[in-house]
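Here is a set of questions about how the terms for a protein model are applied. Each answer sets a value against its cut-off.

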Amino acid sequence: MTRFLHPYPPGVFITGLGHDVTLFVSRYLDIRSLGAMRTGGRTGDRYVAAVLSRRLRELVRDFVDDAEGHFIEELHQTNSVVGSLAAAHFLHPLDCRAPSILAIFAPEKQWFHVVAYLVHVEQCHVKIELQQLNARRSKGERVAILTSSRGKINVVQSRWASPLEPIMNCWQSALYAYVTPTSFCDPYHELTRRKRGLINPRKVFPGLGIPTGQVARLISKWSRRGWDLVQQAEDWGGSPGCGTPEARYCAGTQRYFGDKFCLTGVIAPVEARDVGRLPYNALEEYTVLWWRGGETCGPTCHSGDTEISSAVRVYPTNVLRMGTLDQFDYITDMFVYPIALLQIDQ
Ligand SMILES: [Zn+2]
């Protein structure tokens, strides 16, 4: 099945560069550069769609016997997303190395479908684990660890109809991005392209400001690759200053997948945007809102609190688009509990 593989436009795309050279260069362009290429008109749009659709295929090809794209179709039909380092590498191939494990995030009720697909079609061996989420030792999330001769795939089960909620358990902001067969979203793309990352406050022992052992090891590993990882944006100098553009990194700023700070886009060219449109798409129905938590940026931030807890909540996308973020304080509590009732029984 190849409906998510978009063809290259005919002819030479960049005058003066041969097709082979253009192909070589475009393999390493990050998502923002590809976005700029896309503005070059219809040919640019089709070229970028061809690059991105092949990039996704090449990414999963290392992990599954996927010559016909069936696994990509499986991701699409189950509203599952590629996340963590695999998504970061897809969006920033030079800044984020290729993953050794493919991380898939699946909606609660589709999780088993993805796992069963990998066991029966890809002949993977499966082990189910409950992973501890944070330093507070709260309830874990269910992860299927699938191994085959090709490699390892982790399929993380969301507790909601949206697959996105467990993405916010990743240890740093570069890993909060996701990719699907039709779209992508990167909430902290400006940091990632500068090899900067904000450490998830839930991976730090509360009150101590010390990362957990596993995260401390990851920090030193990534630092050796030139990454600058901190707990708060102020550690890079200056202040996020609530109310300034930098406030997007503040501990209390409410963000959601698809907000104005995210780099969000589709893979298909304009003429193929309806390819694979689903009658029900959890990624369109729901999004995930969060605030990072941790130390605030000062006495003027968040009613003067010096430290606030992080939060991740699933919302119907339409609710978030109804108004500005400022209004969410008011609607948050109202919507926390009914969401469970709104989950569609599929
Ligand atoms: Zn602040």
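**Terms and values**

Q: Why is leucine 146 called buried?
A: Leucine 146 has 26 C-beta neighbours inside 10 Å, so it counts as buried. A residue is buried if 20 or more other C-beta atoms lie within 10 Å of its own, exposed if 12 or fewer, and partly exposed in between, with C-beta atoms placed from the backbone. The model is predicted: local features need pLDDT of at least 70, side-chain atom pairs count only at pLDDT 80 or more, and totals for chains, interfaces and linings use all residues. Residues are numbered from 1 along each chain as its sequence is written.

Q: What makes serine 33 partly exposed?
A: Serine 33 has 14 C-beta neighbours inside 10 Å, which places it in the partly exposed class. Its place is in helix α2.

Q: Where is leucine 146, and which residues is it in contact with, leaving aside neighbours within four places in sequence?
A: Leucine 146 is in strand β4. Its contacts are Leu118, Cys124, His125, Val126, Lys152, Ile153 and Val155. Two residues are in contact if their C-beta atoms, placed from the backbone, lie within 7 Å. Helices (H or I, at least four residues) and strands (E, at least two) are DSSP runs, numbered from the N terminus.

Q: How many helices and strands are in the chain?
A: The chain has twelve helices and 17 strands. Of its 346 residues, 40% are buried.

Q: What makes strand β3 lie largely in the open?
A: Strand β3 (residues 125–131) has seven residues and the number buried is zero, so it lies largely in the open.

Q: Why is β2 described as largely enclosed?
A: Five of the six residues of β2 are buried, so the rest of the structure largely encloses it.

Q: How do you know that β3 and β4 pair?
A: Two strands pair if DSSP finds at least two bridges between them. β3 and strand β4 (residues 141–147) have seven bridges, in the antiparallel sense.

Q: How many bridges join β4 to β5, and how many join β2 to β5?
A: β4 and strand β5 (residues 152–157) run antiparallel and are joined by five bridges. Isoleucine 145 stands opposite asparagine 154 in β5. β2 and β5 run parallel and are joined by six bridges. Isoleucine 104 has valine 155 in β5 as its bridge partner.

Q: What is the order of the open sheet of eight strands, and why are β3 and β13 at its edges?
A: The order is β3-β4-β5-β2-β1-β6-β7-β13, with mixed pairing. β3 and β13 (263–266) each have a single partner strand, so one side of each is left without a neighbour in the sheet. Helix α5 (residues 84–91) packs on this sheet and touches β1 (81–83), β2 (101–106), β6 (178–179) and β7 (183–186).

Q: Which strands form the open sheet of three, and why do β12 and β17 stand at its edges?
A: The strands are β12-β14-β17, in that order, and the pairing is antiparallel. β12 (255–256) and β17 (311–316) each have a single partner strand, so one side of each is left without a neighbour in the sheet. Strand β14 (residues 286–291) pairs with β17 over six bridges.

Q: Why are α2 and α3 called roughly antiparallel?
A: The axes of helix α2 (residues 31–38) and α3 come within 7 Å and cross at roughly 150°. Axes are lines fitted to C-alpha atoms, for helices over the stretch in contact, and angles run from 0 to 180 degrees between N-to-C directions. Angles under 35 degrees count as roughly parallel, over 145 as roughly antiparallel, 65 to 115 as roughly perpendicular and the rest as oblique. α2 and α3 are therefore roughly antiparallel to each other.

Q: Which residues touch the most other members of the largest nonpolar core?
A: They are Ala87, Ile104, Phe105, Val155 and Tyr178, in a core of 84 residues. Helix α3 (residues 42–61) gives the most to this core, with nine residues. A nonpolar core is a set of buried Ala, Val, Leu, Ile, Met, Phe, Trp, Tyr and Cys residues joined through C-beta atoms within 7 Å.
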